[in-house]
Amino acid sequence: MAKKKFARESATIMTEMVLPNDTNTLNNLMGGKLMHWLDVVAAIAAQKHSNRIVVTASADSISFKEPIALGNVVTLKSKVTRAFNSSMEVFIEVVAEDIPANKKIMTHRAFFTFVAVDQNGKPIEVPEVIPETDEEKEHYDGALRRRQLRLVLSQRMKPEDAVELKSIFNLPNTK
Ligand SMILES: CC(=O)SCCNC(=O)CCNC(=O)[C@H](O)C(C)(C)COP(=O)(O)OP(=O)(O)OC[C@H]1O[C@@H](n2cnc3c(N)ncnc32)[C@H](O)[C@@H]1OP(=O)(O)O
């Protein structure tokens, strides 16, 4: 694998304002618009880490717990948590802010997976990630289990091969 890079080197911040065209009939941000922003901010982090063209391979479940209102300022922060061979897991955190009311809430957290590819769309190796902070280390440690879950769900890995994933359920290891 190529040289190692610190997680912080991929850190990306994107700020958007919810405008009328982005909202549903309740004047809240459309889920699809938020997913577009998530994809963009996460792709930029993956590009920074790999210095390559990246494609979205998967997005983990995103729950819409809190609506984000028209006029709110939305800040999306992303960072690569761990790299495998050609794929990278990216963590994204979303904060919505009503600036006139001086109110700020964390609305979403998500993990996306990107694959670095060459000009022909063929997967290509990426640098390893070095986590430094406690949060980066926690995300790095959990990334292998989340990867196995994704690969099992997309039928790219047999459940019996997902050793780290099974360990969190205390299932007997049959391998
Ligand atoms: C930024 C954007 O919006 S891009 C547009 C939307 N995205 C796309 O169009 C991507 C379309 N998909 C593709 O091009 C291909 O399926 C790829 C590049 C993602 C994977 O190509 P494959 O030929 O399947 O390659 P391969 O089997 O070698 O897998 C490559 C990596 O992708 C990972 N991967 C593939 N599918 C998934 C998935 N569903 N979830 C997580 N990781 C995945 C593999 O685990 C592997 O990771 P690793 O190299 O770190 O071990």
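A polar side-chain atom of Arg156 lies 2.6 Å from an oxygen atom of the ligand. This is a polar contact, meaning a pair of N or O atoms within 3.5 Å. The protein covers 59% of the 1000 Å² of accessible area that the ligand has on its own (Shrake-Rupley method, 1.4 Å probe).

The model is predicted: local features need pLDDT of at least 70, side-chain atom pairs count only at pLDDT 80 or more, and totals for chains, interfaces and linings use all residues. Residues are numbered from 1 along each chain as its sequence is written, and side-chain values use heavy atoms, with hydrogens and water left out.

Stay with the ligand. Ser87 also places a polar side-chain atom 2.6 Å from a ligand oxygen. Asn85 uses its backbone instead, with a polar atom 2.8 Å from an oxygen of the ligand. In total, 18 residues surround the ligand (a heavy atom within 4 Å). Thr56 and Ser86 are also among the closest. Strand β3 (53-59) gives the largest share of this shell, five residues. β6 and α2 (134-153) each supply at least two. By class, the shell has seven nonpolar, seven polar and four charged residues.

Now turn to the largest nonpolar core. It holds 30 residues, buried (under 20% relative accessible area, 1.4 Å probe, protein chains only) and joined through side-chain atoms within 4.5 Å. α1 gives the most, eight residues. Those with the most contacts inside the core include Leu38, Leu76, Val90 and Phe112.

Take Val90. Its contacts (heavy atoms within 4.5 Å) include Ala42, Ala46, Val80 and Phe112, not counting residues up to four places away in sequence.

Terms used
Buried < 20%, exposed > 50% of the residue type's maximum accessible area, 1.4 Å probe, protein only. Helix = DSSP H or I, 4+ residues; strand = E, 2+ residues; numbered from the N terminus. Polar contact = N/O pair within 3.5 Å; in protein donor to acceptor, adjacent residues only side chain to side chain. Nonpolar A, V, L, I, M, F, W, Y, C, P; charged D, E, K, R; others polar.
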